[in-house]
Amino acid sequence: MKRTILLATAATVVAGAVAAKENVVNVYNWSDYIAEDTIEKFEAATGIKVVYDVFDSNEVLEAKMLTGSSGYDVVVPTSDFLQRQIAAGAYQPLDKSKLPNLANMDADLMAGAAIYDPDNGYATIYMWGTTGIGYNVQAIADRLGEDYEVNSWDLVFNPEIVAKLADCGVTMLDAPTEIIPAAMNYLGLDPRSTDKADFEAGAALLETIRPSIRYFHSSQYINDLANGDICVSVGWSGDVFQALYRAEEAENGVEIGYVIPDEGALQWFDMMAIPVDAPHVDNALTFINFIMDAQITADITNYVWYANGNAASMPMVDPDITSDPGIFPTEAASAKLWGSKVYDARTDRVVTRLWTKVKTGQ
Amino acid sequence: MSAFQASSPWRKTAALLARIGLTGRMLIIAVPMIWLLVFFLAPFLVVMKISVADPMIARPPYSPLFVQGPDGWSIKATIGNYAYLWEDSLYINAYWSSIKIAFFSTVLALLIGYPMSYYIARSPEPKRSLLLLLIVLPFWTSFLLRVYAWIGILKTKGVLNAMLMKIGLINEPLIIMQTDVAVYIGIVYTYLPFMILPLYANLVKLDDSLLEASADLGARPISTFFRITIPLSMPGIVAGSMLVFIPAIGEFVIPALLGGPDTLMIGKVLWTEFFSNRDWPVASAVAIAMLVLLVIPIMLLRLAQSKGADT
């Protein structure tokens, strides 16, 4: 009897050892953020099995990175979160000799990302986008007139205008570090300011429009926009385009638009990085290199409608996408984009507290 | 025979354990004790430890409790995180609002659950089992899925609004999603079985002869219900209310998915502290404060109950 137990234990130990050496890569990416066939193609090309898991907020990813032993090999934090997590020691430097496809990347965009990650030492661009306004074309025309042109933050930050839209549903991302700076920018303040008075001014503006806001959420608006349950969302570019695409697919008569307002918008980069305690570092590098393949990146952009940082992929990207100023902004619009500022812990608390006040009135 | 037993390894071990003060009774008690120690006390101490640390950008993002200095190890702890909970009215308002939502949800669950339990307990046997099965049936689907189903029902272009507009009760869709009403619906729906099951277990044991005696002495059914049935089912009411009230206070998923941005509940405040501020120490202090806030009234209630049982 005892012998059987011993044998069984031995078998389990051996199985465990085999599992640890199994040829896998554990990927943790944003939800709805990869082409349908990317993983299949990677597995066919390399024989490495992908365990794919998704999140919908940087905060959730960050909690896992700061706790450690997440078991993930490749994660995709947004640039400002990446910077803080690098400072906390959550990532390992990339072995660039194993990333020949880095040559495909757009030098200007990589330089933009290097603000958060000096020399691009820890991460490379997965996709990038802007935080602008998604809207239901018909609902806006019904309420503001056929001639109203959506090109300004007025749509959500002017209390009189947004009040006219409250009945059809106005939503914002639940992301204080993106929305409060946008409000500051609308007031003519520097969106990258860390002055408490500037944050308070931004929050005060948000409080005046708060009665017209249905909810603050960072993923629910995709479906709600597509179904016509809401009509205006301050959201991430690609997410709004996904709503547009889903509405077209459903043929429900909902027409969605996305605009980078003339006053400017936040530009962010989602970056692929390898956690410091990743169990399969080599496979992680293989995966990142595979994603940077021109065709693979083009496939992802064609599917998720987010801009990429891969210069070599551009000829393969659908012209409908490359010509859309909401995805690849014009040069004039690019000049007005700003990158997010990384706050220290004290400033973070100020911003979050103001945000809670805006949301709950407390 | 007895010699054989005495020499059996089991006896030997038992004798050995008895010599160091361990008897069979203690070993049996030890199992739940170890369970509590590992799954309740140890995590509690970890949270306690984090609640007296300072936040910092590191992995993990708080300062260590034991610091090695030139004079050896020292303990570095602060009560600043607890003091902070008093300084900002947000936390007290959130506790209060959670208690309020949990209380009204419990009352609603009791009002809906009591007649259901009563009916089930009074039903004849084959029907009773079927009804009980129907109460337990929702547990076979994931809780999260059921909350998502409510989103489909309650949303502006959802099932409920479509139905009400079709039968002409309303012209404009009702906005229920992202309001406190949706939170109440979600909590009462989710925790109703926890109210019904203990109530049923109590009511099914109700002695019919007491009700007959009450009727014989001239009480109307209504009077019998309030003067006999309700007092006798008090333990069931208390148990059911506890099972609804306690988890409802700390509820996060339901207010996050169904509630609006102004639904203030301690679960959401905890989330913000932990994820948005990445201030694990204050988040831990919030959790500990809530635990203390809950444990004291529960202990008082238990005390009152055990006194009631003695008399």
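Reader: Where is Ser237(A) found?
Author: Ser237(A) sits in helix α12 of chain A, residues 237-250. Helices here are DSSP runs of H or I with at least four residues, strands are runs of E with at least two, and both are numbered from the N terminus.

Reader: What am I looking at, and how are things numbered?
Author: This is a predicted model, where local features need pLDDT of at least 70, side-chain atom pairs count only at pLDDT 80 or more, and totals for chains, interfaces and linings use all residues. Residues are numbered from 1 along each chain as its sequence is written, chains are lettered from A and ligands numbered from 1 in the order in which they are written, and side-chain values use heavy atoms, with hydrogens and water left out.

Reader: Back to Ser237(A). Buried or exposed?
Author: Ser237(A) is buried, with a relative accessible area of 4%. Buried means under 20% relative accessible area, exposed means over 50%, and partly exposed is in between (1.4 Å probe, protein chains only).

Reader: Which residues is Ser237(A) in contact with, leaving aside neighbours within four places in sequence?
Author: Gly129(A), Thr130(A), Tyr258(A), Trp268(A), Tyr306(A) and Gly326(A). Contact means heavy atoms within 4.5 Å.

Reader: New topic. How far apart are the end C-alpha atoms of α10 in chain A?
Author: They are 20 Å apart. Helix α10(A) has 14 residues, 196-209, so at 1.5 Å a residue it should span 20 Å, which agrees. The expected span is 1.5 Å times one less than the number of residues.

Reader: Which residues of α10(A) are buried?
Author: Asp198(A), Phe199(A), Gly202(A), Ala203(A), Leu205(A), Leu206(A) and Ile209(A). Seen down the axis of α10(A), they fall within an arc of 155°, so they line one face of the helix. The arc is that of the directions from the helix axis to the C-beta atoms.

Reader: Why would residues three or four places apart point the same way?
Author: An α-helix has 3.6 residues a turn, so residues three or four places apart do that.

Reader: What do the buried residues of α10(A) pack against?
Author: Six elements of chain A are listed here: α7 (154-157), α8 (159-165), β5 (170-172), α9 (176-186), β6 (213-216) and α17 (345-360).

Reader: Which residue caps the N-terminal end of α10(A)?
Author: Asp195(A) does, with a side-chain oxygen 3.2 Å from the backbone nitrogen of Ala197(A). A polar contact is a pair of N or O atoms within 3.5 Å; within protein, one must be able to donate a hydrogen and the other to accept it, and residues adjacent in sequence count only if both atoms are side-chain atoms.

Reader: Where is Leu187(A)?
Author: Leu187(A) is in the loop between α9 and α10 of chain A. Leu187(A) is partly exposed, at 40% relative accessible area. Apart from neighbours within four places in sequence, Leu187(A) is in contact with Ala201(A), Gly202(A) and Leu205(A). The C-alpha atoms of Leu187(A) and Ala201(A) are separated by 8.2 Å, although the two are 14 residues apart along the chain.

Reader: How many disulfides over all chains?
Author: A search of the whole structure finds one. A disulfide here is a pair of cysteine sulfur atoms within 2.5 Å. This one joins Cys168(A) to Cys231(A), S to S 1.9 Å.

Reader: Which parts of the chain does the pair link?
Author: Distant ones, 63 residues apart. Cys168(A) is in the loop between α8 and β5, and Cys231(A) is in the loop between α11 (220-227) and β7 (232-236), all in chain A. Both Cys168(A) and Cys231(A) are buried. Their link is right-handed, with 55° about the S-S bond.

Reader: How many residues of chain B are in contact with chain A?
Author: 30 residues of chain B are in contact with 33 of chain A. The area buried between the chains is about 2800 Å², and carbon and sulfur atoms give 53% of that. Arg59(B), Pro261(B) and Arg278(B) lose the most area on the chain B side, together 27% of what that side buries. Buried area is the accessible area (1.4 Å probe) that two parts lose on being put together, summed over both.

Reader: What joins Arg59(B) and Pro60(B)?
Author: A cis peptide bond, with omega about -10°. Pro60(B) is in the loop between α3 (24-51) and β1 (66-69) of chain B. Most peptide bonds are trans.
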